[in-house]
Structure formats: C-alpha cells, structure tokens
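Subject: Structure for you to look at

Hello,

The structure I mentioned is below. Please open it next to this email, and then read on for what was found in it.

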Amino acid sequence: MADAADFYTGIVAESYAPLKSFSPEPDPYAAFVRAAGEPALELGCGDGDPLLALRRQGLDVAGVDSSADMLERCRERAAREGVTVTVHHQRMEELRLDRRFRAVFLAGPTFNLLPDDATAEAALRRVREHLTDDGTVLIPLHVPAPTPARELGTVRAAPAADGAELRFSMVSEERDEAARTQTAVLRYERHRGDESTVVERAWALHWYRRSDFERLAVAAGLTPVSVTDADGAEADDDTAYLTFRLRAAEPAAG
Ligand SMILES: C[S@@+](CC[C@H](N)C(=O)[O-])C[C@H]1O[C@@H](n2cnc3c(N)ncnc32)[C@H](O)[C@@H]1O
C-alpha cells in the first residue's frame, strides 16, 4: 500500500460507510459554496458526503477522489437517490481538469492524508491552477491526538450489505513529532459463514502548525484570508483544529 491515496480500496471502501464514526455536516460546505460562488469542487469526496447533499440543494459541485472504489459507491448512491453528479478519479496532488472553480474545498481534515509537505505543496499548486482568480479555497486541518493505549484492539462492528460482519480495529500507532506524522496499522475484517478476510493497512496522517501550512500555501501561490479554530476565533500555532480560507495571490499567468 503506497499511501493514503490508495488506502480506501477493497474492504476499506466497503467498510467505510457502515463503520464510519464521523459524517461531515453539509450545511457549512453549502454555505461556503454559496458565499464563494460556483462552480465548486470537493477534493476527497469519497462515497459522497457531503457532495451529494450539496447536489440535492442544486449547487453546481463536482468531486475528485483517488479511489475508484469510493467513487463507484458515490455513483451508485447518486443513482439510487436520483441525483446527478460528476466525479473525477484523480489524486489532488496531480489534479488535471479542464475547468476552473470559484470554490474548492475539502470536507473535514482529508488534506491530512497527504503524506508529507512536498505532496501537500504539489496539491496546493494544483488547486491554485484550478481556481478562478476570484475563487476561494477551504481547507480544514487537524493535529491528531495520540490514540489512548486502551483503545488499541477495540473492535467496531457493523453488517455489510450481504449480511457479512465487518469489523475494524486499530492494531498499533507510531508518532513522529519531527516529521509531523502519525502512522497507525488498521485491521479490517469481513466474516460470513466459513469465509473470512482479514486485511491490515498502514494509515498515515501528516499534520501542520498554522505557520507550516501558511508557508506551503504562499509557496503555491495562495494567500490565507482567514485561519480559524473550531469556534471561529483566530488560530495560532497551538490550534489543534484549523480552517484555512485561501485566495489566489496573483491572477493566473496567460
Ligand atoms: C476520510 S475519506 C472522506 C470521504 C468523504 N468526504 C466523507 O467525509 O465521507 C477521505 C477520502 O479522501 C480520498 N483521498 C485520499 N488521498 C487522496 C488524494 N491524494 N487525492 C484525492 N483523494 C484522496 C480517499 O480515497 C477517501 O475517499
């Protein structure tokens, strides 16, 4: 498994919706798109939260994700719910679309899945390339807390569509403060009658202090217009949950 861009495939994509612990509320993202303007693009849209809710509200929003399996689930959900949606199978750090967007956003701290600063800067450059000169980018980030030891091995279970039992647990976690990276080994299981599948995958989060991320954004041609904490107050280098709003530093060349 190369990195998080490949993590959400197979049993992980199947387990994602039944076992997920967090679903982004669509309203803040709908409000962001209404304020920033359309068309809009959600990066890391996965199986469609909150992308499909925004489409149901009539907003012109497309999605991008690196996992074909997650996008397949997104398309199936959209068809079931009678919603039309355009999604692109691409990595955000290699984004190449033939459109620019007035609003580009990630819903929740998906940007923390990019493995290092160089990949993050590449993604920010691609975002700038796809932003209209008057466009706005919304990027939530967090500094993950170490997982308490007592939670290692704790199993979460849910039924799959075919009645199999899906299980998830964290096996181990390592933290590298200098690299700003935390890597967990996650175990996914599927049990049905005599058939069992058990897969362990490494899941890495890379985090940023406010100043780290600001430096990358500026290098990529983006200017922060606000950096806030979870309560909407000005964030600093100790803030654990940051939301960056960014605009183009200069009009695009040509
Ligand atoms: C935590 S899920 C969030 C999905 C959805 N927005 C939600 O909240 O339910 C993160 C998504 O980001 C995608 N992803 C990870 N790395 C990516 C990358 N480099 N480029 C594009 N998508 C990526 C994964 O495939 C996955 O679908």
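To sort residues by kind, Ala, Val, Leu, Ile, Met, Phe, Trp, Tyr, Cys and Pro count as nonpolar, Asp, Glu, Lys and Arg count as charged, and the others, Gly among them, count as polar. On that basis, the shell around the ligand consists of 10 nonpolar, 6 polar and 6 charged residues. Please keep in mind that this is a predicted model.

The ligand

The ligand is surrounded by 22 residues, and the closest are Y16, D49, D65, M92 and E93. Polar atoms of the protein face the ligand at several places. In E93, a polar side-chain atom is 2.8 Å from a nitrogen atom of the ligand. G44 takes part through its backbone, where a polar atom is 3.1 Å from a ligand nitrogen atom. K20 has a polar side-chain atom 3.1 Å from an oxygen atom of the ligand. On its own the ligand has 590 Å² of accessible area, and the protein covers 95% of this.

Aromatic rings

There are 11 aromatic pairs in the structure. One of them joins Y208 and F213: the ring centres are 5.3 Å apart and the planes are at 75°, so this pair counts as edge-to-face. Y208 and F213 are both buried. F213 also pairs with F244, with ring centres 4.7 Å apart and planes at 55°, so this pair is tilted. The pair connects distant parts of the chain, since F213 belongs to helix 6 (residues 210–219) and F244 to strand 11 (residues 241–248), 31 residues apart. F213 and F244 are both buried as well. Elsewhere, F7, Y8, Y16, F168, Y188 and W203 form a cluster linked by ring pairs. Y16 has already come up, as one of the closest residues to the ligand.

Helix 1

Which residues of helix 1 are buried? In this helix (residues 11–19), they are I11, V12, A13, E14, S15 and L19.

Residue L97

L97 sits in the loop between strand 3 (87–89) and strand 4 (101–105). Is L97 buried or exposed? Its relative accessible area is 17%, and the limit for buried is under 20%, so L97 is buried. Leaving aside residues up to four places away in sequence, L97 touches L41, V64, H88, Q90 and H130.

Backbone details

Two peptide bonds deserve a look. E38 and P39 are joined by a cis peptide bond with omega of about 0°, and P39 lies in the loop between helix 2 (26–36) and strand 1 (40–43). D49 and P50 are also joined by a cis peptide bond, with omega of about 5°. P50 is in the loop between strand 1 and helix 3 (51–56). D49 is also among the closest residues to the ligand.

R180 is not a glycine, yet it has a positive phi of about 55°. R180 lies in the loop between strand 7 and strand 8. With a relative accessible area of 9%, R180 is buried.

Regards

Note on methods:
Residues are numbered from 1 along each chain as its sequence is written. This is a predicted model: local features need pLDDT of at least 70, side-chain atom pairs count only at pLDDT 80 or more; totals for chains, interfaces and linings use all residues. Side-chain values use heavy atoms; hydrogens and water are left out. A residue is near a molecule or strand if one of its heavy atoms lies within 4 Å of it. A polar contact is a pair of N or O atoms within 3.5 Å; within protein, one must be able to donate a hydrogen and the other to accept it, and residues adjacent in sequence count only if both atoms are side-chain atoms. Accessible areas come from the Shrake-Rupley method with a 1.4 Å probe; for residues, only the protein chains shown count as cover. Rings of Phe, Tyr and Trp (its six-membered ring) pair if their centres lie within 6.5 Å; planes under 30 degrees apart count as stacked, over 60 as edge-to-face and the rest as tilted. Buried means under 20% relative accessible area, exposed over 50%, partly exposed in between (1.4 Å probe, protein chains only). Helices (H or I, at least four residues) and strands (E, at least two) are DSSP runs, numbered from the N terminus. Contact means heavy atoms within 4.5 Å.
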